[in-house]
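User: I would like to learn how to read a few features of a structure, with the cut-offs stated. Please give the general idea and then the case at hand.

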Amino acid sequence: MRHFDDFAVGERHDIPATYEMTKDEIVSFARKWDPQPFHVDEAAAANSIYGTLTACGTHIQAVVLFLAARLPEETAVIGALGYDEVRFHKAAKLGDTLRLVIECIETKPSSSKPDRGVVKNRHILMNQAGETIFTQTTTLLIARKA
């Protein structure tokens, strides 16, 4: 179990798991949450600026959380405090294999509750070519070691 005290600014974790963007995943997620034609209709997607089906933004954020949960060690997260600097750099397309890198960019012990601290991480989601698809800064409240 990783606690607040185990985090160091500058550390980087390349998550070993990957996530493949399949037709069924892209279409089923988008039908429920963001039914834009380039997310749910192959013909419309082929005629779009993307040329193929693309995952919606909410799907991409869900993939980031899915991959982050595959860190080798569990983290003593009390809760998420926010997501900032959310950026969609490129479309996540049908057939892409996505991977996640997490970089620790800030740590701050709580000034009011000594049993916890705040960690800011940068999430970088990349495709199989190493192109950045998505980035965000995640602020987490994490328990300290007892």
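User: How many residues line the largest pocket, and which lie nearest its centre?

Analyst: This is a predicted model, in which local features need pLDDT of at least 70 and side-chain atom pairs count only at pLDDT 80 or more, while totals for chains, interfaces and linings use all residues. Residues are numbered from 1 along each chain as its sequence is written, and side-chain values use heavy atoms, with hydrogens and water left out. Rolling a probe the size of a water molecule over the atoms shows where empty space is left. On a 1 Å grid over the protein atoms alone, a pocket is an open set of points where a 1.4 Å probe fits, with protein on both sides within 12 Å along at least five of seven lines; lining residues have an atom within 4 Å of a point. Here 20 residues line the largest pocket, and A68, L71, T75, V77 and L140 lie nearest its centre.

User: Which elements give two or more residues to that lining?

Analyst: Elements are DSSP runs numbered from the N terminus: helices are H or I of at least four residues, strands E of at least two. Those giving two or more residues to the lining of the largest pocket are α4, β3, β4, β5 and β6. The largest share, three residues, comes from β6.

User: Is T139 buried or exposed, and what does T139 touch?

Analyst: With a 1.4 Å probe and protein chains only, buried means under 20% relative accessible area, exposed over 50%, and partly exposed in between. T139, in strand β6 (residues 132–143), has 9% relative accessibility and therefore counts as buried. A contact means heavy atoms within 4.5 Å. Leaving out residues up to four places away in sequence, T139 touches A80, L81, G82, D84, V118, V119 and K120.

User: How many aromatic pairs does the structure hold?

Analyst: Rings of Phe, Tyr and Trp (its six-membered ring) pair if their centres lie within 6.5 Å; planes under 30 degrees apart count as stacked, over 60 as edge-to-face and the rest as tilted. The structure holds three aromatic pairs. One of them is F38 with Y50: the centres are 5.4 Å apart and the planes at 55 degrees, so this pair is tilted. Because F38 lies in helix α2 (residues 37–40) and Y50 in the loop between α3 (42–46) and α4 (57–68), the pair ties together parts that are 12 residues apart in sequence. F38 is partly exposed at 24%, and Y50 is partly exposed at 29%.

Another pair is F88 with F134, tilted because the planes are at 50 degrees, with the centres 5.1 Å apart. This pair links F88 in strand β3 (residues 77–88) to F134 in strand β6, 46 residues apart. F88 is partly exposed at 47%, whereas F134 is buried at 0%.

User: Which strands pair with β4?

Analyst: Two strands pair if DSSP finds at least two bridges between them. Strand β1 (residues 12–14) runs antiparallel to β4 (residues 97–109), joined by three bridges; the partner of D14 in β4 is V101. Strand β2 (residues 19–20) is also antiparallel to β4, over two bridges, and Y19 has L98 as its partner there. Strand β5 (residues 116–126) pairs with β4 in the antiparallel sense over 10 bridges, with K120 in β5 as the partner of E106. A hairpin through six residues joins β4 to β5.
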